[in-house]
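Here are a few friendly notes to read alongside the model.

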Amino acid sequence: MIRKGKLFAGLALAGAIALTAAGCSSSTDAGNGGDGGGDETITVGFAQTGSESGWRSANTESMKTAFSAENGFDLIFNAADNDPAAQIAAVRDFINQGVDAIVIAPIVEDGWDDVLQEAADAGIPVVLEDRTVSASDDLYASWVGLDFRKEGVTAGTWAAENFGDTPTNMVVLEGTTGSAPANERAAGFDEAIEGTQIEKIDSQTGDFTRDGGKKVMEGFLQKYGVDGIDLVYAHNDDMALGAIEAIEAAGAVPGEDIKIISIDAVKDGMLALIDGKINFIVECNPLLGDLAAGIVTDVLAGNEVEKEYYVEDLSFTPEEAAKVIDSRLY
Ligand code: GYE
């Protein structure tokens with residue numbers, strides 16, 4: 001099990017993130033190897049989503065650093081380029097290779113039952129990081145990540161407070177269809193703006209990429225015109241950054257003529273926020289590597305772990321972003 005106190009101390013330095021998990025007991029150090037007490041290398045297959053965003057780059061780096069040879073791991077890394085079938089095939093490969101443990105950042109929520117059952121039958125523990133699955137939690141050991149619904153609620157609450165009293169036409173740039181963050185960030189936001197004058201006039205997936213966000217925003221601008229859109233809610237910073245390009249190309253001023261709210265708080269997003277091109281960002285912390293490595297180590301050592309570990313997120317206005325930008329790690 002992860003040592004709660006240690007995480008709080010270590011991660012507070014990394015930008016005031018906090019981990020919440022009920023009933024933690026203490027045990028091994030995160031990422032220290034020690035497969036059941038010995039010091040053999042732990043072979044871990046990690047099935048990453050792809051490389052769609054700045055968030056993803058930071059997450060991959062965090063995972064590679066935590067699951068390093070130095071820390072006692074032999075990491076087999078696979079990035080599936082956002083293709084759910086390819087990701088499942090990668091997990092099947094890990095099972096065939098007989099790895100000690102498998103870590104997955106699941107692209108989409110559905111479709112995991114069979115391959116997770118195969119891993120269980122092979123006696124290989126699975127730890128999920130970042131996104132969640134719809135399969136039974138009996139099929140995996142643990143999950144560590146963020147509360148996507150709460151992120152959506154935080155974003156929607158800010159929108160409601162700032163624009164809820166005047167008629168506001170909003171368009172949404174959705175994350176990857178079927179992914180947990182796209183589903184939950186939409187639901188949380190919708191819940192928070194209920195009963196306000198914000199009207200969702202359109203919503204389409206930009207697949208969490210800058211290019212996707214730009215293309216979808218271009219389509220919205222063509223359809224509704226600059227004057228027909230007041231607010232963009234982007235499920236991540238990269239899509240917001242793409243939307244900024246589209247809005248500027250249409251001759252309008254992002255952050256003024258069209259307001260923008262997004263999620264992640266990666267460096268480029270925070271800089272656009274400070275610049276006034278984005279108006280509000282909800283954080284989504286990608287630095288999950290040490291936590292995931294600690295969970296894997298504990299699971300293999302036979303220590304009891306929680307099913308879910310939530311990392312806390314912050315949120316930022318331009319003024320707040322300016323204060324913290326120099327200490328941000330991603
Ligand atoms: O917000 C987005 C990335 O799953 C939380 O995936 C993650 C999301 C993140 O592509 O930028």
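1. How far does a polar side-chain atom of S53 lie from an oxygen atom of the ligand? The distance is 3.0 Å, which falls under the polar contact cut-off (a pair of N or O atoms within 3.5 Å). For R185 the corresponding distance to a ligand oxygen is 2.9 Å, and for N236 a polar side-chain atom is 2.8 Å from one. On its own the ligand exposes 300 Å², and the protein buries 100% of that (Shrake-Rupley areas, 1.4 Å probe).

2. A word on the source: this is a predicted model, where local features need pLDDT of at least 70 and side-chain atom pairs count only at pLDDT 80 or more, while totals for chains, interfaces and linings use all residues. Residues are numbered from 1 along each chain as its sequence is written, and side-chain values use heavy atoms, with hydrogens and water left out.

3. Now look at the shell. There are 13 residues around the ligand (a heavy atom within 4 Å), and E52, D130, R131, N236 and D264 come nearest. By class, the shell holds six charged, five nonpolar and two polar residues (Gly counts as polar).

4. Two helices (DSSP runs of H or I, at least four residues) deserve a look: α2 (54-66) and α6 (180-193) each give the shell at least two residues.

5. Finally, the ligand lies between domain 1 (7-146 + 285-313) and domain 2 (148-283), because both give residues to its shell (bounds from an automatic or database assignment).

Conventions. A polar contact is a pair of N or O atoms within 3.5 Å; within protein, one must be able to donate a hydrogen and the other to accept it, and residues adjacent in sequence count only if both atoms are side-chain atoms.
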